Amino acid sequence: ALSPDQGEQTLFEERHLRYISPLGKGNFGSVELCRYDPLGDNTGEMVAVKKLQPNKLSTLEDFKKEVKTLSVLDYEYIVKYKGVCYSTGRLSMSLVMEYLPYGSLINYLDSNRLCVNTWRLLLFASQICKGMEHLQTLRYVHRDLAARNILVASESLVKIADFGLTKVVPFDKEYYRVSQPGDSPIFWYAPESINESRFSHKSDVWSFGVVLHELFSYCDINSNPKRLCMREIGNNVQSQSISMYLANILKNNWRMPAPPNCPAKVYSLMRQCWAYDFEERPCFSGLGNQIEAIMQDERE
Ligand SMILES: COc1ccc(-c2cccc3nc(Nc4ccc(N5CCN(C)CC5)cc4)nn23)cc1
């Protein structure tokens, strides 16, 4: 169990957690929709329960760090932590979070592209940007910012989820270096993350630029970052050398093209996030200001 000094842990009793349906699977384990119904009369609240499957990649220790990370993050653009559930007998534990009814941003945009206009895409972008700004104030680096990890709470609210890869930047450094990269989402990675496993707020800004591209592509599978990069690299490249080819084309200043009908000012934001030199990339607060300015223009 997490010791009491690691923040208050609301304990959910497994016997009151009623399984309803699967919400998704990842290399960490699975997330299920449950109703927490201690009264047993179906009046309990719906919750998203992330069950840990300890395997070679993710251990109980990693999971406890993820729980700790989420439990200290209390912000409107970050998925809400509710508590933990220790399963009787079995070693594992579950993370209990608020349930966001609209699901992942990818599914939402793909099935609502006709009724989501530029202004709403910019609203979502500004919310993600504010969420990232909050993470930065706590010296957290997300390391896996991608549309697949953004959840939709309502037609006008999205939240950042999945802090499985999040790390705290040491107080005496400006970056976090990862030892074993594992199965990394390299198509969302900044060059220094691909080449040196170096992660910082500025590498999160690079990934934010990729999320902007996903937003303005309405998460269309045909313009998915992996597909666009692999088309440039050549689909017949062996898998172990893909990151080297990707690092090369980025070094030679190739970048993903603007999504169809993407406003020039928005594509310019993406290109700022994709500056090769991380010192030239904007910070999240500066990005937030630029997005709000473009929203003003879109409003008129
Ligand atoms: C990788 O998979 C997940 C799945 C769920 C979550 C998660 C965490 C924390 C809160 C939370 N709320 C929802 N809501 C949600 C709603 C609907 C759906 N889909 C409904 C339609 N189905 C066909 C697919 C899932 C998925 C998630 N998902 N969710 C995170 C990662």
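1. The structure holds 14 salt bridges, a salt bridge being a side-chain nitrogen of Lys or Arg within 4 Å of a carboxyl oxygen of Asp or Glu. This is a predicted model, in which local features need pLDDT of at least 70 and side-chain atom pairs count only at pLDDT 80 or more, while totals for chains, interfaces and linings use all residues. Residues are numbered from 1 along each chain as its sequence is written, and side-chain values use heavy atoms, with hydrogens and water left out.

2. Lys50 pairs with Asp162 in a salt bridge whose closest N and O atoms are 3.6 Å apart. Distant parts of the chain are linked here: Lys50 belongs to strand S3 (residues 45-52), and Asp162 to the loop between strands S8 (157-160) and S9 (167-168), 112 residues apart. Strands (E, at least two residues) and helices (H or I, at least four) are DSSP runs numbered from the N terminus. Lys50, Glu66 and Asp162 are linked in a network of salt bridges.

3. Lys50 counts as buried because its relative accessibility is 3%, whereas Asp162, at 23%, is partly exposed. Buried means under 20% relative accessible area, exposed over 50%, and partly exposed in between (1.4 Å probe, protein chains only).

4. Asp144 and Arg148 form a salt bridge with closest N and O atoms 2.9 Å apart. Asp144 is buried at 12% relative accessibility; Arg148 is partly exposed at 33%.

5. Lys265 and Asp297 meet through their side chains in a salt bridge (2.7 Å, N to O). Lys265 lies in helix H8 (residues 264-273) and Asp297 in helix H9 (residues 284-299), so the pair ties together parts 32 residues apart in sequence.
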